[in-house]
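Colleague: Can you walk me through this one? I'd like to start with how its parts meet.

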Amino acid sequence: MEKNKIVDDHTINYHIRAQKGLINDPNGLIYFKDKYHVFFQWNPEGTTHENKHWGHAVSDDLVNWSYLKPALSPDNWYDKNGCYSGSAIEKDGKLYIFYTGNVKKAQGERESYQCLAVSKDGIHFEKHGPLFEHPGDYTAHVRDPKVWKGNESYWMVLGAQTQDLKGTAIIYSSKDLLSWDFQGELTDEPSDFGYMWECPDLLRLNKKDVFVFSPQGIEAKGTLYQNIFQTGYMLGHFENGRFTPEIKEFNEMDRGFEFYAPQSFEDDQGRTLVFGWMGAMPPKQEAAVPTVKDGWIHHLSLPREIMFVKNQLIQKPVDELKKLRIQSYDMLKDISKKDNVLFTTSEQEITCKWDTCASSFTWTLRNEIDLRYEASERKFTIERTNWLDSTRETRTVYLKETLSSLQLFLEDSAMEVFLNDGREVFSLRYFNNERTDSWTWLNKDWLSNLSQFMIFELEKTIKL
Ligand code: FRU
């Protein structure tokens with residue numbers, strides 16, 4: 001059978017990506033003066049983790065992005081080795097951004113400062129410098145301020161490390177966003193959980209509070225915590241500066257390989273949206289990403305709307321992403337008519353639904369990624385090739401309900417998979433040099449149970 005051969009250049013065409021250099025965490029997410037603003041950690045000069053600026057992209061619709069000049073550059077004594085991650089909030093028509101100034105001394109010791117910068121137009125920022133000093137109970141690993149408005153005051157939560165090298169989160173309060181009072185540690189749970197917590201975030205969803213953070217130093221346990229660093233959440237209750245978990249379980253937010261350091265914000269429609277970084281990988285594997293030779297690396301996840309249903313965090317690609325669809329194929333109809341369907345772009349969305357439950361299947365996508373469902377255990381696995389050492393590696397989740405829907409977003413070198421309407425999500429990068437792209441790899445047993453199987457070609461919206 002004729003196969004559609006495509007040689008990948010690994011380009012990312014509709015996710016927010018580094019124009020050049022290296023991009024990491026999403027920062028300062030906000031809907032301000034009728035636009036979505038996404039700032040991000042950015043080294044414009046190279047593909048290594050240094051020289052972090054705040055890059056800036058704006059959009060009217062979460063789909064088409066324009067890249068602006070960096071909002072912050074590391075050019076002051078208190079942020080000279082990097083304007084690290086942080087968040088944004090609007091007050092009296094002005095945009096306040098809080099970030100961590102990172103300073104490395106000659107002997108390699110580090111200092112960190114929580115800093116403020118303010119803007120009238122959301123584009124040009126005036127730096128106000130460091131806001132306060134941390135108590136001595138913590139090392140210099142205190143960073144990533146996330147600020148929000150409570151009933152009577154503003155709150156700022158920060159990732160931190162205690163002097164005995166344990167990860168934690170600390171919290172401050174303020175009446176005016178300028179002077180801040182230390183309120184102690186946000187929570188006692190989970191205790192002894194890694195050596196550093198990065199990018200903490202507190203979300204109020206359907207009257208529940210959700211504490212999201214990215215701990216470092218967690219050991220793998222069965223199918224859990226397989227990545228170099230994890231991102232997860234705990235469900236509980238936030239009051240007077242303290243978070244009390246209702247369920248003492250750290251749930252991974254994304255079951256794939258690279259998703260890390262997400263941040264949430266509420267938009268003008270009252271939706272809670274999240275972007276993450278795709279993402280965190282072991283340093284040698286990161287250096288081996290094929291786009292490094294082209295002078296750029298990494299991108300963000302798609303915007304996801306998040307909600308809480310029956311004690312479970314649900315993440316769905318925002319509705320606006322349907323605007324990306326430029327051509328659609330109803331595969332259930334097309335399959336009976338033709339032997340093969342050739343796609344002209346490698347940017348695709350695929351949606352599948354099962355009326356009755358899905359039976360077991362293995363689906364090989366792009367000659368590279370295996371999606372495997374073992375129906376008796378409700379076990380869903382994604383397998384890919386590690387581009388550094390060529391081994392096959394897997395990530396797995398045991399679904400709470402049988403598989404009933406699957407939505408895939410594909411780029412040349414990235415994939416996001418939403419199962420059962422966003423109850424589980426997998427994000428990953430993949431790199432292969434030559435692939436085939438026809439539907440003929442489908443297992444017919446699986447097809448017979450499907451009630452919907454659509455493939456959409458997507459528009460390339462990122463113009464650098
Ligand atoms: C998470 C992180 C943050 C830090 C930033 C630096 O990926 O390490 O803790 O502020 O990246 O780029």
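Colleague: How much area do domain 1 and domain 2 bury between them?

Modeller: About 3,200 Å², with 58% of it on carbon and sulfur atoms. Buried area is the accessible area (1.4 Å probe) that two parts lose on being put together, summed over both. R255, F257 and P317 supply 24% of what domain 1 buries against domain 2, more than any other three residues.

Colleague: Where are the domain bounds?

Modeller: Domain 1 is 21-317 and domain 2 is 319-458; such bounds come from an automatic or database domain assignment. Residues are numbered from 1 along each chain as its sequence is written. This is a predicted model: local features need pLDDT of at least 70, side-chain atom pairs count only at pLDDT 80 or more, totals for chains, interfaces and linings use all residues, and side-chain values use heavy atoms, with hydrogens and water left out.

Colleague: How many residues are in contact?

Modeller: 35 of domain 1 with 33 of domain 2, where contact means heavy atoms within 4.5 Å.

Colleague: And how many salt bridges between the domains?

Modeller: Five, each a side-chain nitrogen of Lys or Arg within 4 Å of a carboxyl oxygen of Asp or Glu.

Colleague: What does E424 pair with?

Modeller: E424 forms a salt bridge with R255, and their closest N and O atoms are 2.8 Å apart.

Colleague: Changing topic, how far apart are the domain centres?

Modeller: The centres of domain 1 and domain 2, taken over C-alpha atoms, are separated by 30 Å.
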